[in-house]
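Open the model in your viewer and keep the selection tool at hand. This tour moves from stop to stop.

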Amino acid sequence: MATMRSSCLIIISLLVLGSLSAFAVTCTKPMDVNDHRVVQIALFAITEYNHNYNANLKLVKIVSCVTEARRGGDLHQLVLLASKGTTRETNKYQVRLNVWLTMDKVE
């Protein structure tokens with residue numbers, strides 16, 4: 001009987017730990033749009049978009065930023081307002097940037 005209780009306790013513990021680890025993998029948090037890292041991500045996104053699509057977008061405003069912590073890296077999701085060239089018209093853009101940490105020993 002004691003063995004059965006121990007087995008049940010272990011299984012329940014594993015289920016709870018599994019649920020907690022799954023929660024930790026997908027933990028999201030809003031970030032301050034004035035944070036230096038958020039501004040750098042937004043500028044990087046605009047620069048890459050301009051380079052890849054031969055565009056001339058200019059960052060007007062960072063509307064929001066949410067970061068999702070994942071195993072091995074973070075997913076940043078931003079909403080930006082950007083203008084095309086010298087026009088005053090702005091459009092809303094959604095940016096998703098995966099930041100994966102990899103580190104290899106170099107000899």
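Buried means under 20% relative accessible area, exposed means over 50%, and partly exposed lies in between, with a 1.4 Å probe and protein chains only. This is a predicted model: local features need pLDDT of at least 70, side-chain atom pairs count only at pLDDT 80 or more, and totals for chains, interfaces and linings use all residues. Residues are numbered from 1 along each chain as its sequence is written, and side-chain values use heavy atoms, with hydrogens and water left out.

**The whole chain**

Show the cartoon. The protein chain has two helices and four strands. Helices (H or I, at least four residues) and strands (E, at least two) are DSSP runs, numbered from the N terminus. Follow the elements from the N terminus: they run α-β-α-β-β-β. Of the 107 residues in the chain, 21% are buried. Contact means heavy atoms within 4.5 Å. Take the contacts between residues at least 6 apart in sequence: 45% of them join residues at least 24 apart.

**Tyrosines on helix 2**

Select Tyr49 and Tyr53. Both lie in helix 2, four residues apart, about one turn of the helix. Tyr49 is partly exposed, at 33% relative accessible area. Tyr53 counts as exposed, at 59%.

Rings of Phe, Tyr and Trp (its six-membered ring) pair if their centres lie within 6.5 Å; planes under 30 degrees apart count as stacked, over 60 as edge-to-face and the rest as tilted. How many aromatic pairs does a search of the whole structure find? It finds two. In one of them, Tyr49 and Tyr53 form a tilted pair, 4.8 Å centre to centre with 35° between the planes.

**The largest pocket**

Keep Tyr49 and Tyr93 selected. Both belong to the lining of the largest pocket, which also includes Phe44, Leu57, Leu80 and Arg96. On a 1 Å grid over the protein atoms alone, a pocket is an open set of points where a 1.4 Å probe fits, with protein on both sides within 12 Å along at least five of seven lines; lining residues have an atom within 4 Å of a point.

The volume is about 210 Å³. Helix 2 (36-53) and strand 4 (90-100) each supply at least two lining residues. Colour the lining by type: nine residues are nonpolar, one is polar and two are charged.

Select Asn54. This residue sits in the loop between helix 2 and strand 2 (57-70). Asn54 is exposed, at 75% relative accessible area.

**Along strand 3**

Go to Leu81, in strand 3. Leu81 is partly exposed, at 22%. Asn91 is ten residues away in sequence, and its C-alpha lies 5.6 Å from that of Leu81. Beyond four places in sequence, Leu81 touches Lys58, Leu59, Val60, Lys61, Val63, Asn91 and Lys92.

Next select Ser83, also in strand 3 (residues 73-84). Buried or exposed? Ser83 counts as buried, at 8%. Setting aside neighbours within four places, its contacts include Asn56, Leu57 and Thr90.

**Last stop: the cysteines**

Select Cys27 and Cys65. Cys27 is partly exposed, at 33%, whereas Cys65 is buried, at 3%. A disulfide is a pair of cysteine sulfur atoms within 2.5 Å. How many does a search of the whole structure find? The count is zero.

Notes. Points joined across faces, edges and corners; volume = space filled by probe spheres on them. Nonpolar A, V, L, I, M, F, W, Y, C, P; charged D, E, K, R; others polar.
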